[in-house]
Amino acid sequence: MLEKDILKVLVSREEIKEIAVKLGNQLTEDYKDTEPLVIGLLNGCVPFIGVLLGEIDLYLDIAFMDVSSYHGGTQTTGEVKILMDLQIPVTDRDIIIVEDIVDSGRTLKLVTELLYFRGAKSVKVVTLLDKPLGREVEFVPEYVGVTIPKEFVVGFGLDYEDKYRNLPYVGVLKPEVYNK
Ligand code: PRP
């Protein structure tokens with residue numbers, strides 16, 4: 001049903017699995033002497049954090065925040081809101097934020113600054129997708145699965161009007177779907 005709305009597959013299921021293995025191995029190595037706090041940003045992080053966590057061989061903690069900037073459309077509004085905050089302190093923690101995409105950079109810049117303000121020791125970002133041509137503020141994620149062009153993508157956590165997050169790959173939506 002969902003597939004008929006997809007113009008092309010950008011990152012396949014198999015590629016996502018390979019990315020998770022590669023980034024998981026890197027994180028296991030880079031954080032080997034620590035017990036990091038892995039923070040997923042809801043809702044987009046859910047499928048990716050699910051596959052990534054199993055590839056990180058460390059003692060770690062998991063927490064979630066809900067931060068929203070898009071409000072369902074295809075364009076960022078420039079406004080970032082904290083809809084659900086962390087329930088635990090971050091003081092002196094090494095934090096790994098897991099995201100589906102870095103686009104304008106506003107969400108990750110704000111969350112990173114907030115966590116440092118609250119006393120985090122280090123904050124790094126792992127993202128399945130990076131869209132550097134979408135940047136409106138300077139932000140460079142430390143761990144990137146795939147760099148993508150400036151296209152509107154859905155699937156594997158990414159939504160259009162809250163749908164398509166459950167597509168098992170990342171694809172480009174047919175323009176007629178959002179030009180309706
Ligand atoms: C998406 C995505 C990132 C953010 C990236 O979240 O999951 O958090 O936008 O965009 P930016 O770099 O332009 O800030 P969204 O706000 O759509 O919420 P969602 O995760 O619930 O889809």
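What do the buried residues of helix 1 pack against? That's where I'd like to start today, and please keep in mind that we're looking at a predicted model. The list of partners is this: strand 1 (6–11), helix 2 (46–53), strand 5, strand 6, strand 7 and strand 9 (170–173).

Helix 1 is made of 18 residues and reaches 26 Å from its first C-alpha to its last, close to the 26 Å expected at 1.5 Å a residue. Its buried residues are Ile16, Ile19, Ala20, Leu23, Gly24, Leu27 and Thr28. Why do these sit on the same side of helix 1? Because they cover an arc of only 160° around the axis. As a reminder, an α-helix has 3.6 residues a turn, so residues three or four places apart point the same way. If you turn to the face that looks away from the buried side, you'll find the exposed residues Glu14 and Glu18.

Strand 6 (residues 122–130) and strand 7 run parallel, and four bridges join them. There, aspartate 130 stands opposite threonine 147 of strand 7.

The largest nonpolar core has 27 residues, and the members touching the most others are Phe48, Leu129 and Val170. At least two residues each come from helix 1, strand 2 (37–42), helix 2, strand 5, strand 6 and strand 9. Which element gives the largest share of this core? Our friend helix 1, with four residues.

Setting aside neighbours within four places in sequence, leucine 129 is in contact with Val11, Asp100, Ile101, Val102, Val146, Ile148, Val153, Leu158 and Val170.

One last stop: there is also a second, separate core of 19 residues, and among them are Ile39, Leu86, Val123 and Phe139.

That's my tour, and I'm happy to take questions!

How values were computed. Residues numbered from 1 in each chain as written. Predicted model: local features only at pLDDT ≥ 70, side-chain atom pairs only at ≥ 80, totals over all residues. Heavy atoms only, no water. Pairing = 2+ DSSP bridges. Expected span 1.5 Å × (residues − 1). Buried < 20%, exposed > 50% of the residue type's maximum accessible area, 1.4 Å probe, protein only. Arc of directions from axis to C-beta. Contact = heavy atoms within 4.5 Å. Core = buried A, V, L, I, M, F, W, Y, C linked by side-chain atoms within 4.5 Å.
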